[in-house]
Amino acid sequence: MIRLLFIFSFFICSSVLAVEFKGKFIQGHFILGKTNPNSKVKIDDKKIKVSKEGFFAFGLGRDRNNDIIIKVLYEGKLEVFEKKIFKRKY
């Protein structure tokens, strides 16, 4: 019983940094992201506005050749994503 209570309290008290992306990482596409509210998001070291609900959005240049670096900071925890950008098909 004590173990069960400990495990339950661990999951309740610990903050979870979760990030979701919707969209394709293809040149010229639009990406919608969702994270914890009050997170700070940077894309290629540029600050991105995050809504009260945790949503953020950004677009990929139609001629972008390099991969994208996404940094999410929440309650002192930093998560870094490096996404490969694929060439668009004409």
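**View A. The aromatic pair of F21 and F25.** F25 is buried in this predicted model, with a relative accessible area of 12%, a value that falls under the 20% limit for a buried residue. Its ring pairs with that of F21 in an edge-to-face arrangement, with 5.8 Å from centre to centre and 80° between the planes. In the structure as a whole there are five aromatic pairs. A pair of this kind is described by two quantities, the distance of the ring centres and the angle of the planes.

View B. Because F21 belongs to strand 1 (residues 20-22) and F56 to strand 5, the pair ties together parts of the chain that are 35 residues apart in sequence. Both of these phenylalanines, F21 and F56, are buried. One aromatic cluster takes in F21, F25, F56, F58 and F81.

**View C. The largest nonpolar core.** This core has 16 residues, and those that touch the most other members are F21, F25, V41, F56, F58, I68 and I70. Two or more residues each are given to the core by strand 3 (40-43), strand 5 (55-59) and strand 6 (68-74), and strand 6 supplies the largest share, with three residues. In soluble globular proteins, nonpolar side chains tend to be buried together.

**View D. The surroundings of F56.** When residues up to four places away in sequence are not counted, F56 touches V19, F21, I31, L32, G33, K34, T35, V41, I48, K49 and V50. Two of these neighbours, F21 and V41, are also among the core residues that touch the most other members, as is F56 itself.

**View E. Strand 3 and its two faces.** Strand 3 has a covered face, made up of V41 and I43, and an uncovered face, made up of K40 and K42. In a regular strand the side chains alternate between the two faces of the sheet. Strand 3 and strand 6 run antiparallel and are joined by four bridges, and within this pairing V41 stands opposite V72 of strand 6. Strand 3 also runs antiparallel to strand 4 (residues 46-48), to which three bridges join it, and here K42 stands opposite K47 of strand 4.

**View F. The hairpin of strand 3 and strand 4.** Two residues lie between the strands of this hairpin, in which D44 takes a positive phi near 50°. D44 is found in the loop between strand 3 and strand 4, and its positive phi occurs in a residue other than glycine. With a relative accessibility of 36%, D44 counts as partly exposed.

View G. S39 counts as buried, at 6% relative accessibility, whereas N38 is exposed, with a relative accessible area of 71%. The side chain of S39 makes a polar contact of 3.5 Å with the side chain of T35, and a polar atom of the S39 side chain also lies 2.8 Å from the backbone oxygen of N36. N38 has a positive phi of about 70°, although N38 is not a glycine.

**View H. Lysine side chains over phenylalanine rings.** The charged end of K34 sits over the ring of F55, at 5.0 Å from the centre of that ring. In a further case, K84 lies over the face of F86, and the distance to the ring centre is 5.8 Å.

**View I. The whole chain, for orientation.** The chain contains one helix and seven strands, and from the N terminus on its elements follow the order α-β-β-β-β-β-β-β. Of its 90 residues, 28% count as buried. Among the contacts in the chain with a separation of 6 or more, 51% are accounted for by residues 24 or more positions apart.

Terms used. Residues are numbered from 1 along each chain as its sequence is written. Side-chain values use heavy atoms; hydrogens and water are left out. A nonpolar core is a set of buried Ala, Val, Leu, Ile, Met, Phe, Trp, Tyr and Cys residues joined through side-chain atoms within 4.5 Å. Buried means under 20% relative accessible area, exposed over 50%, partly exposed in between (1.4 Å probe, protein chains only). Contact means heavy atoms within 4.5 Å. A polar contact is a pair of N or O atoms within 3.5 Å; within protein, one must be able to donate a hydrogen and the other to accept it, and residues adjacent in sequence count only if both atoms are side-chain atoms. Rings of Phe, Tyr and Trp (its six-membered ring) pair if their centres lie within 6.5 Å; planes under 30 degrees apart count as stacked, over 60 as edge-to-face and the rest as tilted. A charge sits over a ring if NZ of Lys or CZ of Arg is within 6 Å of the ring centre and within 35 degrees of the ring normal. Two strands pair if DSSP finds at least two bridges between them.
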